[in-house]
Amino acid sequence: AIERARRARLTKSEVERACQALEKQVRKRDLRLRLVELAQRPPETLDLSQLRDAIGDADTLGLSGTQEYSDAMAALRHAEELVNEKFEPMRDMLNEAMDHTSGLEKNSGLQRLQEAKERLSIAVRQAREGGLPEGELVDAETRRRKIHNAVEDLKGTLRVFCRIRPMNAQEDEERDINTIKSNDRMSVTVELNRKCAEQQGKDWNPLNKVHHAETFYFDSVFYPGTQADVFEDCKDLMRSALDGYNITIFAYGQTGTGKTYTMFGSPNDEGVGPRTVKELFRLIDIDNEFFEHSVSATVGELYRNEMLDLLPPEEELVRKGSGETGQQANGARGRPGTNSNASKGKDAGAPGGASKGKASSKASSELEKLEPRPCNDAEHLLAMLQKGTKSRHVASTAMNAHSSRSHLILSMFVVRTNKETGQKTTSQITICDLAGSERLKKSDAKGEIAKEGIEINKSLTALGDVFSALSEGRSHVPYANSKLTQVLKDALGGTAKTLMFVNCSPAAASFEETKNTLQYAKRAKKVINVQQQNRS
């Protein structure tokens, strides 16, 4: 009819009205066919959102009185009944878990909170795996996060773990004596008795308080414990990171007490850093169906109060490493002026700041000098870490054949987006292996190595000053006195969840350093952070 009208040269407006009427009838026909097709699908394969959309369109086009519309409504009601039957146990389980955890506060006690967290986590996971819409999980997921972080807070805002290494071969050969006793998983006692003092050629005075036994209490004690044991007590922090909290883990102690081993381990016995990387990506893989994730990372060192980028150009990271660790690569980074990577690090500033700003508004200006590299998976990030640790400054001293001469810092930046709600969280995970404190006379350091030791001690003294100011509640905290304290500012009195490892030697020869280290850690236990979630 429209074609005949055109040939008859009817007015343009009459033809357009006819075309609009035809288009509407075609839409109605296609929609009725769509309703029939959807209504005839088996309920278990029916997409309810598609059927609801089609019924809504049919209402708009005036098809609510048709048989196709009635059949589609009947199919929708039947499918919803089946879905409700399927989801009802999940909803009941969620509601029971929510009722069980209602009104829990930090003063409810650690054990009760842990039980509540576990019950709620299981309910959320099973409901999500069963297909319950994400919108129905929001309240339970929010409460799970709050309980989880209450558990972490009860463990100590700034948690301190003590790890005591075994006596080494040299100490055994010299018949050195153990001065540390581990009382339980949370305390150690250190004492320089008469026998220890005499062996060290020191006067022993029972009236001298320094020589008295003293007990120190921590959140966990390992003597020495396995690498797996150590990480088990801190891996929950990775869930906090995905929930939008900044995380800092660092190791402090005298040179030669096992800090680098604790933080990075060896190829066959990985430390906290590599295990953190694997745990982070394990959790990401679990959540990938419901969340999008973006991860980038930097590896740098604070060497003689300068931040240096330890990563080679990106294209070199795709080639497999040799498996050599930082400790094995003794001298891999030589003295100043002999390593080209150092100068590259200084020039990598501007791009890094912008990238990391998205992941953490608290990123230190020192860390912003490093160029973040995108990481596709755990293997990629571990390759970056291996490349970086091989380039770290190390040297041989009388106290440690592979003494770290810099503070090594691995930073991971995570952006996590809920695919359904679009809600975004960002976080920064910082793993820091501090260089060891040392007495130059004891380490027998000379020349450039001695200068390195002086800079290390200066930065650690500045860190101690920050601990003192925070623990005593002073209005001024001297973060600006060192680049190390600037880097760790968010971890100390800032917004991060922080875990400090204090590494000690049990030998009488190191008694003074060990006791100073434990006193240092005791002050750290008094530091309080105001933890803050990064959400948008």
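Me: Before we start, what kind of model is this?
Reply: It's a predicted model, so keep in mind that everything below is computed from it.

Me: OK, aromatics. How many aromatic pairs are there?
Reply: The count comes to four aromatic pairs. One of them is Tyr252 with Tyr520, and it's stacked: the rings sit 4.0 Å centre to centre, with 5° between the planes.

Me: And where do Tyr252 and Tyr520 lie?
Reply: Tyr252 is in strand S6 (residues 247-253), while Tyr520 belongs to helix H19 (residues 511-524). Those parts are 268 residues apart in sequence, so the pair ties them together.

Me: Is Tyr252 buried or exposed?
Reply: Buried, since its relative accessibility is 6% and the cut-off for buried is under 20%. Tyr520 is buried as well, with a relative accessible area of 6%.

Me: What about charges over rings? Which ring does Arg128 lie over?
Reply: Arg128 is over the face of Phe290, 4.9 Å from the ring centre. There's also Lys497, whose charged end sits over the ring of Tyr245, at 4.9 Å from its centre.

Me: Switching to strands. How many residues of S9 are buried?
Reply: Ten of its 13 residues, so strand S9 (residues 291-303) is mostly covered.

Me: Which way do S9 and S14 run, parallel or antiparallel?
Reply: Antiparallel, and twelve bridges join S9 to strand S14 (residues 407-418). If you want a spot to check on screen, Glu292 stands opposite Thr417 in S14.

Me: How many bridges are there between S9 and S11?
Reply: Two, in the antiparallel sense, with S11 covering residues 373-374. Ser296 has Pro374 in S11 as its bridge partner.

Me: And S10, how many bridges does that share with S9?
Reply: Four, and that pairing with strand S10 (residues 306-309) is antiparallel too. Tyr303 is bridged to Glu306 in S10.

Me: How many residues sit between S9 and S10?
Reply: Two residues, and the two strands form a hairpin. Have a look at Arg304 in the turn: it has a positive phi of about 50°.

Me: One last thing, where do side chains point along a regular strand?
Reply: They alternate between the two faces of the sheet.

Key:
Residues are numbered from 1 along each chain as its sequence is written. This is a predicted model: local features need pLDDT of at least 70, side-chain atom pairs count only at pLDDT 80 or more; totals for chains, interfaces and linings use all residues. Side-chain values use heavy atoms; hydrogens and water are left out. Rings of Phe, Tyr and Trp (its six-membered ring) pair if their centres lie within 6.5 Å; planes under 30 degrees apart count as stacked, over 60 as edge-to-face and the rest as tilted. Buried means under 20% relative accessible area, exposed over 50%, partly exposed in between (1.4 Å probe, protein chains only). A charge sits over a ring if NZ of Lys or CZ of Arg is within 6 Å of the ring centre and within 35 degrees of the ring normal. Two strands pair if DSSP finds at least two bridges between them.
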